[in-house]
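This briefing is for a reader meeting the structure for the first time.

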Amino acid sequence: QVQLVESGGGLVQAGDSLRLSCAASGRTFSNYAVGWFRQAPGKEREFVARISWSGGYTYYADSMKGRFTISRDNAKNTAYLQMNSLKSEDTAVYYCATRRNVGTGEWDSWGQGTQVTVSS
């Protein structure tokens, strides 16, 4: 498995931006697709975005399109989630995960999460 550590969360105001990072170690990071998920208090975890091993394919949840951008730097073993025009409803713990295939399969490695709080 890949070990993942998220960072970059914090308290921001509505309309601000944040960039989350997902640092990987262990197995070869470039062999894995990366996904970002979030879980708000009292709600189920929801999908945010995913990116292929090469970075050439990305996919977003509809509510994040145009505001969030997923990317990766395999030389740094790190994936990113750039979040712009943040809203109060974006408040959640954000997690990154990896799996072999970008389109199917189980997300089998997870980070511990980073808290994002957006004040209105």
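Ring pairs join F37, F47, Y59, W107 and W110 into a cluster. Rings of Phe, Tyr and Trp (its six-membered ring) count as a pair if their centres lie within 6.5 Å; planes under 30 degrees apart are stacked, over 60 edge-to-face, and the rest tilted. The model is predicted: local features need pLDDT of at least 70, side-chain atom pairs count only at pLDDT 80 or more, and totals for chains, interfaces and linings use all residues. Residues are numbered from 1 along each chain as its sequence is written, and side-chain values use heavy atoms, with hydrogens and water left out.

**Aromatic pairs**

- Searching the whole structure gives 4 aromatic pairs.
- One of them is the tilted pair of F37 and W110, with 4.9 Å from centre to centre and 50° between the planes.
- F37 belongs to strand β4 (residues 33-39) and W110 to strand β10 (residues 109-110), so this pair ties together parts 73 residues apart in sequence. Strands are DSSP runs (E, at least two residues), numbered from the N terminus.
- F37 is buried, at a relative accessible area of 8%, while W110 is partly exposed, at 28%. Buried means under 20% relative accessible area, exposed over 50%, and partly exposed in between (1.4 Å probe, protein chains only).

- F47 is found in strand β5 (residues 46-51) and is partly exposed, with 22% relative accessibility.
- Residues up to four places away in sequence aside, F47 touches W36, F37, Y59, Y60, A61 and M64. Contact here means heavy atoms within 4.5 Å.
- Between F47 and N101 there are 16 Å in space, C-alpha to C-alpha, and 54 residues in sequence.

**Charges over rings**

- R72 lies over the face of F29, 4.4 Å from the ring centre.
- The ring of Y32 has the charged end of R100 over it, 4.8 Å from its centre.
- A charge sits over a ring if NZ of Lys or CZ of Arg is within 6 Å of the ring centre and within 35 degrees of the ring normal.

**The disulfide**

- A disulfide is a covalent bond between the sulfur atoms of two cysteines.
- The count is 1 disulfide, taking cysteine sulfur atoms within 2.5 Å as the rule.
- C22 and C96 form this link, with their sulfur atoms 2.1 Å apart; the link is right-handed, with 75° about the S-S bond.
- C22 lies in strand β3 (residues 18-26) and C96 in strand β9 (residues 92-99), so the pair ties together parts that are 74 residues apart in sequence.
- C22 is buried, at a relative accessible area of 0%, and C96 also counts as buried, at 0%.

**S109**

- S109 lies in strand β10 and is buried, at a relative accessible area of 3%.
- Neighbours within four places in sequence aside, S109 is in contact with Q1, V2, L4, C96, A97 and T98.
- A polar atom of the S109 side chain lies 3.2 Å from the backbone nitrogen of V2.

**The nonpolar core**

- The largest nonpolar core holds 29 residues, and those with the most contacts inside it are W36, V48, F68, L81, M83 and Y94. Such a core is a set of buried Ala, Val, Leu, Ile, Met, Phe, Trp, Tyr and Cys residues joined through side-chain atoms within 4.5 Å.
- Elements giving two or more residues to this core are β1 (2-7), β3, β4, β5, β7 (68-73), β8 (78-83), β9 and β11 (114-119).
- Strand β3 gives the most to this core, with 4 residues.
- Not counting residues up to four places away in sequence, Y94 touches residues including E6, L20, W36, F37, V48, F68, L81 and M83.

Definitions and conventions:
Polar contact = N/O pair within 3.5 Å; in protein donor to acceptor, adjacent residues only side chain to side chain.
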